[in-house]
Amino acid sequence: KMKVGDKVSQGDVICELDSSDIKRKLQQATLDVRKAESDLTAAKEQLSIQESKNKSDLAAAEVELKLAQIDLLGYDKVDYPAKLKAAQQDVEMAKLALKDKEDLLTQQQQLLSKAFVTSSDVKNAEVELIKAKTDLDKKESDLHVLTEYTHEKDEADKKNKVAQGESKVGQTKSENNSNLAQKVADAQTKEQTLILDKEIERHLK
């Protein structure tokens, strides 16, 4: 053991540093690096998952919008025109049927005056005429309801679905951007932490 005032030569050990604290710090630094590597790997996996989810969510929203647009177009170009034409044809047919019943009643009345038919036959013709008038009233009412109410309601519903689809696409894009930005920021933070921990470990070696 060296004492104060002793002569020393080259190579003599004059003191020994306690390296246990440095070893503990190095071990901790190594553990920190491993944890940072694990955290970065997990962050990258979460980023990849978010990117896939974003694509899936956006695709689903766009499909929903496309279907709503097709539904509206189909209604305006096919469904409604077909219903309108059918209702108009029903009215025309009902008018022809009414004309036939009116002619039939006139004939029965003429035949009754010549005693070729009975008053019961005329009464039956009158009943048939009333039925024809009632049927025409119903067909005209159906046409009116279709053009003035049903069409407006159905078209508004389908346009609303298109608007909702457009809104959902926009909202999905916004949410996707926000979620992706968070995952990217998290991965970048984890990467910076790993770089710092590796630097600390390197200095302790």
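The structure holds 15 salt bridges, a salt bridge being a side-chain nitrogen of Lys or Arg within 4 Å of a carboxyl oxygen of Asp or Glu. Side chains of opposite charge can pair when their charged atoms come close. Please keep in mind that this is a predicted model, in which local features need pLDDT of at least 70, side-chain atom pairs count only at pLDDT 80 or more, and totals for chains, interfaces and linings use all residues. Residues are numbered from 1 along each chain as its sequence is written, and side-chain values use heavy atoms, with hydrogens and water left out.

| Salt bridge | Distance, N to O |
|---|---|
| Arg24 and Asp21 | 3.4 Å |
| Lys139 and Asp135 | 2.8 Å |
| Asp186 and Lys190 | 2.7 Å |

Helices are DSSP runs of H or I with at least four residues, and strands are E runs of at least two, numbered from the N terminus. Arg24 and Asp21 are three residues apart in helix H1, so about one helical turn separates them. Asp21 is partly exposed, at 33% relative accessibility; buried means under 20% relative accessible area, exposed means over 50%, and partly exposed is in between, using a 1.4 Å probe and protein chains only. Asp21 and Arg24 also belong to a network of salt bridges that takes in Lys25.

Now for the helices themselves. H1 covers residues 20-113. With 94 residues, H1 reaches 134 Å from its first C-alpha to its last, close to the 140 Å expected at 1.5 Å a residue. The expected span is 1.5 Å times one less than the number of residues in the helix. H2, residues 119-204, has 86 residues and reaches 123 Å between its first and last C-alpha, close to an expected 128 Å.

Where do the kinks in these helices lie? In H1 there is a kink of about 50°, centred on Tyr75, and in H2 a kink of about 45° is centred on Leu146. The bend at a residue is the angle between axes fitted to the seven residues ending there and the seven starting there.

The structure holds one aromatic pair, and Tyr75 and Tyr80 form it: the pair is tilted, at 6.0 Å centre to centre and 35° between the planes. Rings of Phe, Tyr and Trp (its six-membered ring) pair if their centres lie within 6.5 Å, and planes under 30 degrees apart count as stacked, over 60 as edge-to-face and the rest as tilted. Are these two tyrosines buried or exposed? Tyr75 is buried, at 3% relative accessibility, and Tyr80 is buried as well, at 13%.

Ile70 lies in H1 and is partly exposed, with a relative accessible area of 49%.

Next comes the loop between H1 and H2, where Ala115 is found. Just after H1, Ala115 takes a positive phi of about 65°. Most residues other than glycine have a negative phi. Ala115 is exposed, at 64% relative accessibility.

Ala163, in helix H2, is 95 residues from Ala68 in sequence and 8.9 Å from Ala68 in space, C-alpha to C-alpha. Ile130 and Leu204 are 74 residues apart in sequence and 107 Å apart in space, again C-alpha to C-alpha.
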